Structure formats: C-alpha cells, structure tokens
Amino acid sequence: MAQTKEEFFHDLRQELLAGAEANGRFQLDEFMEIVAKELVETGITEGFELCHFRAQRGIRVDGYWFNDEGSLDLFIADFDSRTELATLTKSDADAAFKRLTNFFEASVNKGLANELEITSPEYGLARQIADRKSGIFRVNLILFSERLLSERIQDIPDTERAGVTLTHQIWDISRLYRQHNSRSHKEPLDLNFEELFGSGIACLPAHLGTDTYQSYLVVMPADILASLYEKFGARLLEQNVRTFLQARGNVNKGIRTTILSEPGMFFAYNNGITATAQSVETEATDSGLIITKVVDLQIVNGGQTTASLFHTRKRDNADLSQVFVQMKLSVIDSVQSEIVVPKISEYANTQNKVNAADFFSNHPFHVRMEEFSRRLWAPVQKGVMRETRWFYERARGQYVDAQSTLTPAEQRRFKAEHPQTQMFTKTDLAKFENVWDEHPKWVNLGSQKNFARYAARIGNEWSKSSDNFNEFYFKRAVARGLIFRATERIVSAQSWYNGGYRANIVAYTLALIAEITKHRKQSINYIEIWEMQGIDLVLEKAISTVSKIVNDDIITPRHGISNISEWCKKEACWTSILATKEIAESQLSNEFFHRLVSLDEQMTIEQSAKKMQRVDNGIEAQRKVLAINSEEWNRIRQVMADRALLSPKEDDILKVAVQIPMKVPSEKQSLVLLDILEKVRLAP
C-alpha cells in the first residue's frame, strides 16, 4: 500500500532524529543536510555548505553553494521540529524569501561582511558574494520546509536585485514525497516548448511502429538548448553524465571556436547529443511534425556540448541563432527507464577518453560492493541481540525500494537488520575513501566532484586487478565510514567549535592522521574497528587533538583569503596543514601509536583477501558460464569467428563451452569466457 504524506512526514522526522543523534548535529542541520543531499543527487544543486546567520533587521541564510557557471544557490529553512504535519502559507514563504533576499542585497550593496566576525562562515559567504558579484548572473533562492505548501501558492515569479535575476524554489514535504515515490526517485523535468519558447521543435520520427519504444531525430536550435541549461542546469543531464561532466570540466575549446568562427558549420562538425524522455507530445503542422512537450527529458550523451553552448553564449556573448544541434531522442517509459536509460547512457559514452562506465551504478565494482553489503553481517555488539548489515546503495532509491513491497511487520524487521544509520551511498563511499587515499581537497569540492575523482581512480584500479576489491576492502570502507561519522560527532562536541567548517575540519583531520600513520609505516587497525563497529576512546582522543590543530590552521586568515570554505579547496590549504604534521604527531599519545598495525601486517591481510577474492571470482565466473546453455555459446562462437574477433586461445576455450554440460570449463577458462561475453556486448 502506498505511503501517505503524513506517514512520509513522520518517517522523515524519525530519520532526522536518528541522524541528528548519530551524526552529532543539531536537528536543523540534519534537516538541511537530508534535503540538500536529495537535491545534490538529482542535480537541483551541485553542492551544499551549511551557513546559519540571522540578524534582527530581517536577514537570514542557512546554507549556500557557488557553482562554476555564475550561479549562486542560497538556502533557507522553515523548520521548528514540528511533530505534526502543518501548512506552509504564502505569507510565511514570502517572508522567508524576503530574509534571504535581504542577505544577498546586504552582502552586495551594504558591506555586510564588514560587520561580521572574519573567521565565521557567514563572513566568508558575504565577502565572497561582494567579491564575485560581477560574475553572478543568477541567484536561486531555495526554501526547505518541513510543512506542506499551501495549494494557493502556484508559482513565484522571478525577481531582480542588484542587476541579478532571483529565482524561487520551495521544497516542502509534498515535493519531497513526490520525488521519494517517483519510480526514478527524482522530480521529472517536464518541458512545454510552446510555453517556454513560443513554438515546438521540428523532428522526424525514427521508429517503425514498434511497441518497444519511440525515437525521433531532432534539429535542436542551440539557443533553446543553452536556455534550457541556463534554466535547469545539471537537472537536464542524466546522473552519470552529470558526474562525468564534473570530471572533465565544462567548456570544450573546439566547440567554442566553432561557435565563434564557423557557427554555420556546427551541425556538420559536432556529433550531436543523445537524450531520453518518458513521453513526448507531437503535433502535425504544414511544415512537418513538431514536438510540443517532453516529460522527463534527460541528456545522456552530449553534456559537454550543452554546457559549452551555454558558457560560450554567456561569457563570449556569442550569437547562437545560426547554430543547430542534432539530437537523437528515445522515448522510454518509466517502467523501463531504470534499466534502459543507464544502458543508453553507457553505450553512448563509450567513445570518451575517460571510461564513462566507471561512473555507472551497474559497474562491477558497485555490484560487488552491493553483494558484500547484502551478505556480510556486522559483528554483534555487547548488549545487542540482533545482527545488522551495512546497506550499500549503489543505485539511488534502493534502500526505499527494498521496503516498498514489504508488510509493516516485514518493514520493521528490514529496518532492524538494516538501520538507516548503516545505509551509505556511492558518494558516501567516495568521501570515506578519498580522505585516506586521495587528496583531501576533493572531499571539500563537493560530493559530485569528489565522486568523479573516486570513480576515475577506482576504474583504473579495477582494470588492473579487480581482486583488490574484496571483503577486506568492504570492511575497511565501513570502518572508515565509522571513523568519518565519529569524527563529525567529535568535532561538533568540541568547546572550540563555532558551528562552521565542520566538513572541512573532518576531511583534513582524517587526512592528517593518515599522513602521520603512513610516515611511521603504520596504519589504523580497520579490522578492529569493524569488529567493534565503532572507535575506542584512544582514537577519539587522537581525533579531538588533531582536529583542533586543523581548525586553528584553517581559520587563520591568509593574506587575500576572504572565504575559508574556498581556501579549504585549494592545494595551499593542504600544504599549510601538512606543515603541522610534526606538531600533531608530538601531541598524540603512545597508546594511540601502540594500537596501530604495521604496513607489513596490513599488506599480509590484503594479500590474503586478494587470494580469497580470486577464488571467489573463479567460482562466480563458473556459475555464470554454466547458466548459459551450449547452443548460446555456439552462437557466440559463430558470431565472434565471423567477425574475426577471437584469438586461438579464446576459440579453444569456446570449444569447451559449446559442450556444456558434457564438459565444464575450469574457473580460469570461465573468466576468459566472461571476457568474451563482454567483447560480444561491445562489438559493433
């Protein structure tokens, strides 16, 4: 039975209360983080930074994010830890947006930064707004509310302040509920071209009456594509393409040059874009078929083309009236979209230099992590009767989907075995791992850019040896998650903590501890933390000590640095923190160092886990190979032989496979056969 809005509200409240306690946050902070995470993962915003500030003269802000495209997101909360679902009135919404607008205006025109404490987050935000005002073309005012939006509020028109366009968005319980319950777990992007641009888009049907799906070839005016990107930003891009674009940067020099010097040749030179939609409305006109409306448009290939059109128009004042882009539009209904859209995206992006498949939730790495999370029980702790698991959400919404068909009693059992506090996503995993193994600045650049960095690294490592990703890797990742979340709690509880820069302090604290242990050729004992399902008082004290040193370093203003959050994203910040390593090491207790394990011990554990994974890989490969009958293997052999894609060794092994079950391929042969299957899948 479908969940009601009231039930959703109470579940969200329970999640919020549990999360606030587990993460050592105020309830308001936890509420902001929960909603912001939803918006980041669906492309509404690129990131989120907490920043609470209120002034008596009607000024307030609760968070912000500067993106790379001249847009600023300012967030404000409507939150009072209500126990019952209430209505958000228009006057309340208007008042919230007014306070947010006042903060922006005071920062731009009234020197608000000069009135604020220089080490506070609000000072950094106000100063950065003032310094970057010439490059800000749009401010998105976003209200997070724990109430239901009044039906009287239909749409809040854009306004203008200080020469900048201000847009208004409200994310209330109803909107979060719709996103939560949609099949794709995101709010669909519905476009009415006639309302937005005055006319439909010319197209040619490219399907042959098949019931599987419809497809269209579209000649898309570049001005319209750039305007859509300006209005909707990364929401226009399929999730994996958003991540890929984060890794590659936004402007392609070749595209820019063509637009500026040969706009009429753009259609000929550019490969075009690939997009999907859940449904399309068309209309026959005297000049041919036009598309008037598209439901849930997503660009699955061509994100860089789209972003480059927007940037070139904005930065170079380019005329796009003579520029057109070819678009292949496939209409995939919502039932098939979860499976088909990622595949279209993956296949459309195979020509990219960076392996696009590394970003996809169906990459074998993510599948393996998911398998471990469903199979491995966390050690039972003293005084606890039930075993639990850590639920790895490789695809958005899996945790919710796993409960969707359960009875209330089954849901209670599921949540007892998979507590919400033990659910972690791909972006969480990237954060846990990168603070130890990668440059900590990536964690401070936001979840999407950090995940892009992590995905590129894991993709390279997987291609060299997938055996590195084994049970020990999973347990270590969970242990690192436990340390990360404990550090958040510890920092929040410190007497010196002023409520700002916690994410930055946490990332650099763990990175500095990692450097100290590596320098001593030692490591944190991750298996002990996995067994304890928590950290001990010795590690807590070490984190407390190092975090104060990190905090003191990052809040010390550098010459010319006005925003500490931005400073934390720079190489120089990490260099400065590294200079404190000897001081930090000297303040750590002998007991802390005694509890570390040597890198040799760690290597022995890793090698043992790799060997075990190699055995598991062989067994799993054999199982998959035997699930395919001999007739299918014979067909595969014929197809590959006809295309001259088989080596003599591969052909010999296929000769064994075509005799299943009379002959059974060995584990090593099965691994080769799986590689052959991948060749078949990617063959033109």
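The model is predicted, so local features are taken only where pLDDT is at least 70 and side-chain atom pairs only at pLDDT 80 or more, while totals for chains, interfaces and linings use all residues. Residues are numbered from 1 along each chain as its sequence is written, and side-chain values use heavy atoms, with hydrogens and water left out.

The protein chain holds 30 helices and 20 strands, where helices (H or I, at least four residues) and strands (E, at least two) are DSSP runs numbered from the N terminus. Its radius of gyration is 27 Å, close to the 26 Å of the globule rule for 684 residues, so the chain is as compact as a globular protein of that length; the radius is taken over C-alpha atoms, and the rule is 2.2 Å times the number of residues to the power 0.38. Along the principal axes, the C-alpha atoms fill a box of roughly 80 × 80 × 55 Å. Of the 684 residues, 54% count as buried (under 20% relative accessible area, with exposed over 50% and partly exposed in between, using a 1.4 Å probe and protein chains only). Among contacts (heavy atoms within 4.5 Å) with a separation of 6 or more, 73% join residues 24 or more positions apart.

Two packed helices are described by the angle between their axes and the distance between the axes. Here axes are lines fitted to C-alpha atoms, for helices over the stretch in contact, and angles run from 0 to 180 degrees between N-to-C directions. Angles under 35 degrees count as roughly parallel, over 145 as roughly antiparallel, 65 to 115 as roughly perpendicular and the rest as oblique.

The axes of helix 13 (residues 364–375) and helix 18 (residues 447–464) come within 10 Å and cross at roughly 95 degrees, which means that helix 13 is roughly perpendicular to helix 18. Pro364, Phe365, His366 and Arg368 of helix 13 make this contact with Phe451, Tyr454, Ile458 and Trp462 of helix 18.

For helix 19 (residues 471–492) and helix 27 (residues 599–626), the axes come within 8 Å and cross at roughly 130 degrees, so helix 19 is oblique to helix 27. Glu471, Phe472 and Arg476 of helix 19 meet Gln602, Ile605, Glu606, Ala609 and Gln613 of helix 27.

Finally, Thr258 lies in helix 9 (residues 253–261). Thr258 has a relative accessible area of 12% and is therefore buried. Leaving aside residues up to four places away in sequence, Thr258 touches Pro263, Met265, Phe266 and Tyr269.
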